[in-house]
Amino acid sequence: MISPPNEDNLITPGDLILIYLDIKRQYLIQAAEKLNLSSDLGNMNLGEIIGKPFGYVGETHLGKKYYCLRPSTADLMFKVKRKTTIVYPKDLGYLLIETAIGPGSRVIDVGTGSGALAMVLAKFVAPDGMVFSYERREEFIENAKRNIERAGYLRNIKFYCRDVAVKGFTEQAIDAVFLDVPEPWAIVPKAADALKGGHHLVSWSPNVEQVKRTVDVLRENQFIRVRVSEILEREILVRQQGVRPRERGITHTAYLVRAQKIIVGSRD
Ligand SMILES: C[S@@+](CC[C@H](N)C(=O)[O-])C[C@H]1O[C@@H](n2cnc3c(N)ncnc32)[C@H](O)[C@@H]1O
């Protein structure tokens with residue numbers, strides 16, 4: 001659970017905490033009175049961090065320091081148990097601000113997959129908004145629910161087990177539609193029915209062929225301002241011996257498609 005920021009910034013049971021030893025040893029845990037964590041750098045009695053402030057520095061039984069940090073939204077995404085690929089923070093951060101959603105919005109997410117995207121959307125629309133998350137495989141929904149429960153956002157998500165290319169959506173007057181599926185073009189006409197006029201559809205696709213097909217169908221289905229981009233991220237190593245980009249990293253993730261729905265004939 002992500003507890004809302006409080007003035008004293010103290011760790012309470014149930015809080016999600018990133019236990020950081022070094023870049024290779026980072027653990028997302030849920031604080032509890034009795035909790036032990038082991039690593040090759042020693043054992044940690046994490047019961048002792050209850051009541052301590054975030055930022056607390058502890059020691060393993062081998063004398064190695066560990067740090068109690070607030071997990072970022074990206075940490076929450078990367079630490080979900082994955083049954084599918086998930087969206088990357090660099091892409092999602094950009095696409096979120098390319099829509100008009102915020103607290104109170106009602107949004108559609110397809111497919112639920114591992115729940116990483118649904119979780120971030122729920123965080124964005126909370127406390128009063130709602131995410132309607134559609135997935136055709138029941139076992140993925142169960143895994144996603146467990147992932148999202150840990151972050152405390154289940155009450156802002158309604159799940160459906162359904163192939164939306166065939167059966168469409170239950171909701172109407174939706175503020176944004178997020179598609180992360182292999183065949184987004186098959187869902188675009190259903191999304192057009194569910195979306196409010198003027199609002200956004202965004203879609204992730206790893207391959208150019210998928211993008212071309214999706215864009216063609218968007219243009220045939222009352223969408224304008226259709227744009228496609230790719231975000232490249234390069235980590236920079238800052239070290240005494242020299243500052244330069246890391247040689248390896250994430251290269252291509254997805255092409256990002258976005259478009260807005262118009263109401264044809266609304267002038268009459
Ligand atoms: C790449 S995963 C989505 C990952 C998710 N966005 C996340 O961040 O965890 C794609 C998911 O879409 C589901 N899917 C594909 N086509 C679908 C359809 N027509 N209706 C419902 N779900 C679909 C798949 O079963 C799969 O779980």
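Helices (H or I, at least four residues) and strands (E, at least two) are DSSP runs here, numbered from the N terminus. On that basis, the chain has seven helices and 15 strands. You are looking at a predicted model, where local features need pLDDT of at least 70, side-chain atom pairs count only at pLDDT 80 or more, and totals for chains, interfaces and linings use all residues. Residues are numbered from 1 along each chain as its sequence is written.

**Overall form**
- The C-alpha trace spans about 70 × 45 × 35 Å along its principal axes.
- Two residues are in contact if their C-beta atoms, placed from the backbone, lie within 7 Å. Among contacts with a separation of 6 or more, 61% come from residues 24 or more positions apart.

**Two domains**
- The domain assignment gives domain 1 (16-71) and domain 2 (74-261), with bounds that come from an automatic or database assignment.
- Their C-alpha centres lie 32 Å apart.
- Five residues of domain 1 are in contact with five residues of domain 2. On the domain 1 side, β1 (16-22) and β2 (25-30) each supply at least two of the touching residues.
- That side has four nonpolar, one polar and no charged residues. Ala, Val, Leu, Ile, Met, Phe, Trp, Tyr, Cys and Pro count as nonpolar, Asp, Glu, Lys and Arg as charged, and the others, Gly among them, as polar.

**Around the ligand**
- The ligand is surrounded by 22 residues, the closest being G111, G113, A116, L117 and D180; a residue is near if its C-beta atom, placed from the backbone, lies within 6 Å.
- Helix α3 (116-125), strand β8 (130-135) and helix α5 (164-167) each give two or more residues to this shell.
- By class, the shell has 11 nonpolar, six polar and five charged residues.

**Helix α2 and its partners**
- In α2 (residues 89-97), D91, L92 and L95 are buried. They line one face of the helix, because seen down its axis they fall within an arc of 90°, taken from the directions from the helix axis to the C-beta atoms.
- These buried residues pack against α3, β11 (195-205) and β15 (255-261).

**A look at L195**
- L195 sits in strand β11 and is buried, with 25 other C-beta atoms within 10 Å.
- Leaving aside neighbours within four places in sequence, L195 is in contact with I174, V177, L201 and K261.

How values were computed: A residue is buried if 20 or more other C-beta atoms lie within 10 Å of its own, exposed if 12 or fewer, and partly exposed in between; C-beta atoms are placed from the backbone.
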